[in-house]
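Please keep the structure open alongside the numbered points.

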Amino acid sequence: MSEPEYQGLGNYQHRRRIVLAVLIVTLFAALLFGQSSFPPDTTIHEVVEMAGILMIFLGIVGRLWCTLYIGGRKSGEIVTGGPYSMTRNPLYVFSTLAAAGVGAQMGSIVTAIGFALMCAVAFHVVILREEKHLGHLFGPEYAAYVKRVPRFVPNLSLYEEGDTGSFRPKLLLNTLLDGLVFLVALPVFELIDHAQVTGVLPVLFRLP
């Protein structure tokens, strides 16, 4: 692989991190003035929050699982094992799941779904650019992979273990650190709740 091609893939990975960070910051800012229509002491509010925490952890673990397969290999070959046997973009799938978990920390079902949809749409734009780039790099081999495996929504029946190849611990650590940004939602939403209850932040809208 030539140096420009390698740098091209690196640029797409960097862009993915930027999109994710911008989305999270923007959504947090919007929710400074929003509140769930389910009171904090109700069962449904607590269930939504707990489900959100589970989604965040599943998202982080899923991203680590993806890195075990893709880490250090995306620039040189098409990875088709593990999570990549079910969907071509499992990192984005797990990031979207974690984003839904972040939205759920508001105690709102609508916010959880909204976070997921906004991330999925933003990632879709990046995915289309990546596909064009990977199609240019790998040609017929990538075209066959595209034909066999869905772009986003996983097909569990396609699962194959595959080979993780040479593992690079540093990449796993980087993925873990990237994923920890989702956990920031836990204390941040607690602070927002407290600020709203005490009147420091006004509540401009409520969502179920």
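**Notes on the predicted model**

1. Helix α3 passes helix α4 in a right-handed crossing (right-handed if the near helix is turned clockwise from the far one by less than a right angle, left-handed if anticlockwise). Helices here are DSSP runs of H or I with at least four residues, strands are runs of E with at least two, and both are numbered from the N terminus.

2. The model is a predicted one, in which local features need pLDDT of at least 70 and side-chain atom pairs count only at pLDDT 80 or more, while totals for chains, interfaces and linings use all residues. Residues are numbered from 1 along each chain as its sequence is written, and side-chain values use heavy atoms, with hydrogens and water left out.

3. Helix α3 spans residues 90-104 and helix α4 residues 109-138; the two pack at an angle of about 155 degrees, with their axes 7 Å apart. The axes are lines fitted to C-alpha atoms over the stretch in contact, and angles run from 0 to 180 degrees between N-to-C directions. The pair is therefore roughly antiparallel, a term for angles over 145 degrees. Among the residues making the contact are Y92, S95 and T96 of α3 and F115, C119 and F123 of α4, where contact means heavy atoms within 4.5 Å.

4. For the chain as a whole, there are seven helices and two strands, arranged from the N terminus as α-β-α-α-α-α-α-α-β. Of the 208 residues, 43% are buried, that is, under 20% relative accessible area with a 1.4 Å probe and protein chains only; exposed means over 50%, and partly exposed lies in between.

5. Helix α7 comprises 13 residues, 185-197, and reaches 18 Å from its first C-alpha to its last, close to the 18 Å expected at 1.5 Å a residue; the expected span is 1.5 Å times one less than the number of residues. Its buried residues are A185, F189, I192, A195 and Q196. Seen down the axis of α7, these fall within an arc of 120 degrees, so they line one face of the helix; the arc is that of the directions from the helix axis to the C-beta atoms. The face turned away from the buried side of α7 carries exposed L191, H194 and V197. Just after α7, G199 takes a positive phi of about 90 degrees.

6. Q196, found in α7, is buried with a relative accessible area of 8%. Leaving aside neighbours within four places in sequence, Q196 is in contact with L31, L32, F33, G34, Q35, L201 and V203. Q196 and Q35 lie 161 residues apart in sequence and 8.4 Å apart in space, C-alpha to C-alpha.

Conventions: Parallel < 35°, antiparallel > 145°, perpendicular 65-115°, else oblique.
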